[in-house]
Amino acid sequence: MKTHKPKKVFIDGAISSEFIANAIAKHQSKTSIGAHNIFLGQVRADNIDGKIVSAIEYTAYEEMANDKFHEIREAAFEKFDLTCMHIYHSLGIVKTGEICLFVFVSAPRRKVVFKAIEFLVEEIKAKAPIFGKEIFEDETHQWKVNS
Amino acid sequence: MIKVKYFGMLTEITHCSEEQLAFSGTTVEELLKVIVTKHPGLKSLNFQVAQNNDIVDLTAKVNADLIALLPPFAGG
């Protein structure tokens, strides 16, 4: 099994569109790639009993999360014929409409990138110890739970 | 002594993100009894226990000097 170096996943605050654009541009030199796929998680303004979510504050058990991200990456490289893979997740406050998760996979051919992206997102949601405090417009809060 | 870390909604009950607890038992279940005795509010909350960066069940032996209590995940 190939092993890859653990990579930095956590980003302070929202993931900007410039950051995402730069990540795409950096792959122009990797000419064995024929297909990219991207998943972007965006903070939704949920309406809960008449109160609107205005932001999510993310925290994590970072040491364990970094371990889990590494395991998830290795499992995806093992399962799918990928050229490269990038995962970024926000910590701290991310406002509604902003991006909190950016998953980016690249491969020589298209079919695997669709499967790989779904695998990665589902694994991240199920296994990464990340916690989200949904902050309402009136500054009260509740804790988000992945469904 | 064992170090216990708390995350997310659990910290609203414990009022701290980590603490040292006296523990002389063997299993995760025994450790949880000590923790819940100190923080009865945790009883009504849903959480998992992690040891050495992996989720463990109640019957697992405590073999690390750090245990983490993790509420439901909300990544992505």
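Strand 2 of chain A gives 3 residues to the lining of the largest pocket, which is the largest share. The model described here is predicted, and its largest pocket has a volume of about 320 Å³. Of the 18 residues that line this pocket, the closest to its centre are A:Arg44, A:Lys125, A:Lys144, A:Asn146 and B:Gly76. Two or more lining residues come from each of strand 2 (35-42), strand 4 and strand 8 of chain A. When the lining of the largest pocket is divided by residue type, 7 residues are nonpolar, 6 are polar and 5 are charged.

One of the residues closest to the centre of the largest pocket, A:Asn146, lies in the segment after strand 8 of chain A. The side chain of A:Asn146 makes a polar contact with the side chain of A:Lys144, at 3.1 Å, and the side chain of A:Asn146 also reaches the backbone oxygen of A:Lys125, at 3.3 Å. Both A:Lys144 and A:Lys125 are themselves listed among the residues closest to the centre of that pocket. Once neighbours within four places in sequence are left aside, A:Asn146 is in contact with A:Lys125 of its own chain and with B:Phe73, B:Ala74 and B:Gly75 of chain B.

The second largest pocket holds about 150 Å³ of space. The residues that line this second pocket are A:Phe19, A:Asn22, A:Ala23, A:Lys26, A:His27, A:Lys30, A:His86 and A:Tyr88. Helix 1 (17-25) and strand 5 (84-95) of chain A are the elements that give two or more residues to this lining, and helix 1 gives the most, with 3 residues. By type, the lining of the second largest pocket divides into 3 nonpolar, 3 polar and 2 charged residues.

Rolling a probe the size of a water molecule over the atoms shows where empty space is left. A search of the whole structure finds 1 cavity of 30 Å³ or more, and the largest cavity has a volume of about 30 Å³. Its lining draws on both chains, with A:Phe131, A:Gly132, A:Trp143 and A:Lys144 from chain A, and B:Gly8, B:Met9, B:Pro71 and B:Pro72 from chain B. Strand 7 and strand 8 of chain A are the elements that give two or more residues to the lining of this cavity, and the lining residues divide into 5 nonpolar, 2 polar and 1 charged.

The contact between the chains takes 25 residues from chain A and 18 residues from chain B. The area buried between chain A and chain B is about 1,800 Å², and carbon and sulfur atoms give 60% of this area. Three residues, A:Tyr61, A:Phe131 and A:Trp143, supply 36% of the area that chain A buries against chain B, more than any other three residues.

Across the interface of chain A and chain B, 11 residue pairs are found in polar contact, with both residues of each pair at pLDDT 80 or more. On the side of chain A that touches chain B, at least two residues are supplied by each of strand 4 (51-60), helix 2 (62-79), strand 6 (99-107), helix 3 (111-127), strand 7 (130-136) and strand 8 (141-144). Among the elements of chain A, helix 2 gives the most to this side, with 5 residues. The residues on the side of chain A that touches chain B divide into 13 nonpolar, 4 polar and 8 charged.

Side chains of opposite charge can pair when their charged atoms come close. Over all chains, a search of the whole structure finds 7 salt bridges, while the count between chain A and chain B is 1 salt bridge. In this salt bridge A:Lys68 pairs with B:Asp54, and the closest N and O atoms are 2.5 Å apart. The pair joins two chains, because A:Lys68 lies in helix 2 of chain A and B:Asp54 lies in strand 4 (residues 54-56) of chain B.

Notes. Residues numbered from 1 in each chain as written. Chains lettered and ligands numbered in written order. Predicted model: local features only at pLDDT ≥ 70, side-chain atom pairs only at ≥ 80, totals over all residues. Heavy atoms only, no water. Contact = heavy atoms within 4.5 Å. Buried area = accessible area lost by both parts, 1.4 Å probe. Salt bridge = Lys/Arg side-chain N within 4 Å of Asp/Glu carboxyl O. Polar contact = N/O pair within 3.5 Å; in protein donor to acceptor, adjacent residues only side chain to side chain. Helix = DSSP H or I, 4+ residues; strand = E, 2+ residues; numbered from the N terminus. Nonpolar A, V, L, I, M, F, W, Y, C, P; charged D, E, K, R; others polar. 1 Å grid on protein atoms, 1.4 Å probe; cavity = no way out; pocket = protein on both sides within 12 Å on 5 of 7 lines; lining within 4 Å. Points joined across faces, edges and corners; volume = space filled by probe spheres on them.
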